[in-house]
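Here is a short briefing on how parts of one protein chain meet.

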Amino acid sequence: MTVTEKSPNASSSWSSAIEAKDLSDVNLEKAPVPVDADSVHSAPKPSMWKRVLVGNASEQNETKRAMKSRHLTMIAIGGTIGTGIFLSAGSAIATAGPASALFSYFIVGIFCYAVVISLGEMAAYIPVSGTFAVFGTRFFSPALGFTLGWNYWLQCELTAAAVILQFWDPRITAWEWALIIVTPIFAMQLIHVRVYGESEYWFAMIKVLMIIVFIFVGLIFDWGGVHGHPGPGLANFRNGQAFVGGFSAFAQTFVYAFYSYGGVELVSLAAGESASPHKSVPRAIRATFFRIVIFYILTILTIGLNINYQDPTLLSSATSSNVAASPVTVVFQRAGFGAAAHVINAVLLTAVLSATNSCFYASSRMLLSMARAGHAPRIFGWVNGRGVPVPALLLSLAVSFVTFLTTIWGEGVVFTWLLDLTGISSLLVWGTIGVISLRFRAAWRAQGRSLEDLPYRQPIFPILPIATVVLSILMFAAQGYSSVVQKPFSPQNIVATYIGLLVYIVCYIGYWIYERFWLGQTTHLVPLLEVDLDTDAVWQPGGGAILRAQEAEAREKRDAEDLAAGKRTKVMLRKVGRYVA
């Protein structure tokens, strides 16, 4: 397939920076197009409901590549830091002790890193909005793409509801709180993808600064650096308090860890609307390592050092309907910064807005991708002139509100179920991404492609995708064991653990039956030699080396011009930035 050829159902492709510039310089409005006057008058007008609900949306429009590299990098670093790390981390420590929670977040962090690296390799080369659902269809089977798409869409919807319920204020009803949070986010999403990128950039910046300040204050307080407030030191890790409840309690903490880490795959979804994915995606992927170490491992360590696992402030959502406590606030208050509680609450609200914003973006783009792949009704594949998938956004809005009908059973109970469902869903999606990565490389090798054509190559292949698959199986088994032996025994725990797997299996087998008996397709797995590695790719075979050479030449020319103008500091900083990125 040449650069100018494109599948009619494919999302907007990015062939090269030069091609994008050439296309942007074309003035289509001035081009003379012969049109029959009678056909203009006889063209049917769109129906009233279409004009009101979706405006000028149609299947012909595409999303816009308007997000810059800084947007993608900041989304990777802090865009999906939500209420999970601010609130649920305390529940993990209360359940199994500080050392168990720290070890749990460390293991899930390794899992998360392997997933992001494996997914980033594919997303940097084929940057599409559906990412792993599209990759599942292309590299494995349409049934897997269908399953991943709907599973992830449901996960995003439930996550948005869980986030809002977790920050719910008892002084107002859950419905009123949902309106306060969801309505402005929905309005922002309707404007343009650049609004999402810019808002997430600043939301993430606020959360990142707060986490950094929290870690510094928490460690200084723990070491006794605050006058009049002797720090606990390592007291919470001694006298048998580090590991509590045995293996069963340790396994339960995985749910909280998955909820906190959830959303790391958002970078790959945003790659479909990034201006230069071959450069911005690898840069964002590399930033994930720092996010895991700083914003999860150190945060859990700081909370565990400062708050004992038996402290009543570490509320567990499974046993209390009040899920509005924050260990971050507690640490600041005990360090003598009581007034900082109001600031932290404002940051928590920012985290809620940011997480809801990301969930709406991810669910709408995934639904758009599924609709254009034939895995969802075609109307959800419509995009308006600003590149916004309005019908998909409307459905996401409707489902979010319907989710709040479940609050008749109590906000704490509903939050616990949503937490379990989203955790298991993340586990299944992440494990499957490892399988897809292995198939992608197998197809790449079978078709005789050079690894030099990949914008980003994952290190130590195939260890990372294999580790992803193995860890997902072990963690799922551990959570199943925990649900069975947990005291007191409750059938609800078993149902909550396995219902996500049931949805996954039903989707896969259901689509396989449809494919086999309705469509009459006898081949299930896509043959390696028939895997589509060209549609929506950033360049054609051999194009990577050419573009890299052109970019290197342009960089050298710009550096030489700046050096000639005496701008040595600017050139030095630019080279450092290239090395770091």
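This is a predicted model. Begin where two helices touch. Ser100, Phe103, Ser104, Tyr105, Ile107, Val108, Gly109, Phe111 and Cys112 in H6 meet Phe250, Thr253, Phe254, Tyr256, Ala257, Phe258, Ser260 and Tyr261 in H11. Sorted by class, this contact of H6 with H11 has 12 nonpolar, five polar and no charged residues.

**Helix packing**
- Two packed helices are described by the angle between their axes and the distance between the axes.
- H6 spans residues 98-125, and H11 spans residues 246-261.
- Their axes are 9 Å apart, at an angle of about 50°.
- H6 and H11 are therefore oblique to each other.
- The crossing of H6 and H11 is right-handed.

**Salt bridges**
- Side chains of opposite charge can pair when their charged atoms come close.
- The structure holds seven salt bridges.
- One of them joins Arg70 and Glu198, at 2.8 Å from N to O.
- Arg70 sits in helix H4 and Glu198 in helix H10, 128 residues apart.
- Arg70 is partly exposed at 35% relative accessible area, and Glu198 is partly exposed at 25%.

**Buried pairs**
- Arg138 and Asp536 form a salt bridge at 3.0 Å, N to O.
- Arg138 is in helix H7 and Asp536 is in the loop between H19 and H20, so the pair ties together parts 398 residues apart in sequence.
- Arg138 counts as buried at 12% relative accessibility, and Asp536 counts as buried at 6%.
- Arg449 and Asp534 form a salt bridge at 3.1 Å, N to O.
- Arg449 is buried at 17% relative accessible area, and Asp534 is buried at 18%.

Notes: Residues numbered from 1 in each chain as written. Predicted model: local features only at pLDDT ≥ 70, side-chain atom pairs only at ≥ 80, totals over all residues. Heavy atoms only, no water. Axes fitted to C-alpha atoms, helices over the stretch in contact; angles between N-to-C directions. Helix = DSSP H or I, 4+ residues; strand = E, 2+ residues; numbered from the N terminus. Parallel < 35°, antiparallel > 145°, perpendicular 65-115°, else oblique. Left-handed = near helix turned anticlockwise from the far one by under 90°. Contact = heavy atoms within 4.5 Å. Nonpolar A, V, L, I, M, F, W, Y, C, P; charged D, E, K, R; others polar. Salt bridge = Lys/Arg side-chain N within 4 Å of Asp/Glu carboxyl O. Buried < 20%, exposed > 50% of the residue type's maximum accessible area, 1.4 Å probe, protein only.
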